[in-house]
Amino acid sequence: MPALCRDCGAEPGEVPACPDCRGRRIIRHPELFALHIAHIDCDAFFASVEKRDRPELAARPVIVGGGVRGVVTAACYVARIHGVRSAMPMFKALAACPDAVVIRPDLAKYAAVGRQIRSMMERLTPLVQPLSIDEAALDLAGTEALHGAPPAAVLARFARDVEREVGVTVSVGLAGNRLLAKIAAGRDKPRGFCVIGAEAAALLAPEPVRLLPGIGPALARKLAGLGITRLAHLQALDDRTARARLGDDGPPLVRRARGEDCRRVDPIRETKSISAETTFEADICERAALERQLWRMAEKLAGRLRGEDFAAGGVVLKLKTASFVQRTRSRQFAAPTRLPDLLFEAARAMLIREADGTAFRLIGIGAQPLLPGHLADQPDLADPSAPRRVAAQAAIDALRARFGVRAVRRGRGL
Ligand SMILES: [Mg+2]
């Protein structure tokens, strides 16, 4: 069976240790050298970056999050052994792991490290589709001549290069499509390398439905109500039954449960920045009028962040004076958000200093850095109104989806 030593790239035979380097991290799979779709995901990314920068913490449990009253944004694997999980309230995390070192997130730093890893990926293939700050899908079809090695060997070398050059570890999934590559990347963390080939459907069958990306708690509950708890139960449904029981989403869900996925790796989909700006019909110098424009832009920005499932780690305020001089000011959030009120308040604090009677012709607000949507507006125990605000915004979005953007105008927008 094809085999590859992840430590030195040798192709050993049926031996437990690599004859070249004595390494024991050997991958074997019948399709090892034929598959070319990869999913790469950094391990405990934020916590790994902090450990890299403070080597004395290497063996300690590290939690990245918003102080004693906040929540866990990321936890290293040592902390996870003690039961610490992302989005857990900090007091619970510290009860489970009292020795943990808690570090405030430095989102701009993580974004810079993410970009460094991204540019290393782009040396492997032009087909890199970033999926979040620390995750991407890659298609290495046709790159064997360029690299003088099959995709599996190129990916193993990439993982070693990232460890050496960047100082964090990644997990690699290699498969025949994006769905299976993503599932593979999650199966062997941290520092993993997992291959899924023709055995996909059999491998998925005994797994709980929640394993499938896109099945969240609500859908899992609905499926459980229909007696569907394992992927095997979905795999068994024919198209007609799937549609009758689950609606139009049924048949695609069944195909995914079987490990089928025809999405391409699409590098164009990378979103580098999300912002909203407006040029005024007549120059504006009054602060109140500028704030009204800013609120409209903050609402627009928030909608775009939700639509593309991103969170803002901070905001950039952009102003252009009547004489075309551009001013940009930026500010970081303690916790990522996509709520218009918070985006507005942060930008307004910067606007107040700029609105000194200068006439402006343009105002804009942007999200910087862009972070994965799941980090947005995590429950914050220090701010008991946060869940209510998130729920209120979700209700507004639902109404607008049905009746159009103008159906719901909020106070400041009027
Ligand atoms: Mg990750």
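This report covers a magnesium site and a helix pair in a predicted model.

**Magnesium site**

Three protein residues donate to the magnesium ion: Asp 41 and Asp 134 through OD, and Cys 42 through O. These donors lie 2.2 to 2.4 Å from the ion. Along the sequence, the donor residues follow the spacing D-C-x91-D. Asp 41 and Asp 134 link distant parts of the chain, being 93 residues apart. Asp 41 belongs to strand S3 (residues 37–42), whereas Asp 134 sits in the loop between strand S7 (128–132) and strand S8 (135–139).

| Residue | Relative accessible area | Class |
|---|---|---|
| Asp 41 | 15% | buried |
| Asp 134 | 13% | buried |

The cut-off for this class is under 20% relative accessible area. Asp 41, at 15%, therefore counts as buried, and Asp 134, at 13%, is buried as well.

**Helices H11 and H12**

Helix H11 spans residues 239–246 and helix H12 spans residues 250–257. Their axes come within 7 Å and cross at roughly 120 degrees, so H11 and H12 are oblique to each other. The crossing is right-handed.

On the H11 side, the contact is made by Asp 239, Ala 242, Arg 243 and Leu 246. H12 contributes Gly 250, Pro 251, Leu 253, Val 254 and Arg 255. Sorted by class, the residues in this contact of H11 with H12 are five nonpolar, one polar and three charged.

Key
Residues numbered from 1 in each chain as written. Predicted model: local features only at pLDDT ≥ 70, side-chain atom pairs only at ≥ 80, totals over all residues. Heavy atoms only, no water. Axes fitted to C-alpha atoms, helices over the stretch in contact; angles between N-to-C directions. Helix = DSSP H or I, 4+ residues; strand = E, 2+ residues; numbered from the N terminus. Parallel < 35°, antiparallel > 145°, perpendicular 65-115°, else oblique. Left-handed = near helix turned anticlockwise from the far one by under 90°. Contact = heavy atoms within 4.5 Å. Nonpolar A, V, L, I, M, F, W, Y, C, P; charged D, E, K, R; others polar. Donors = N, O, S within 2.8 Å, 3.2 Å for Na, K, Ca; no water. Buried < 20%, exposed > 50% of the residue type's maximum accessible area, 1.4 Å probe, protein only.
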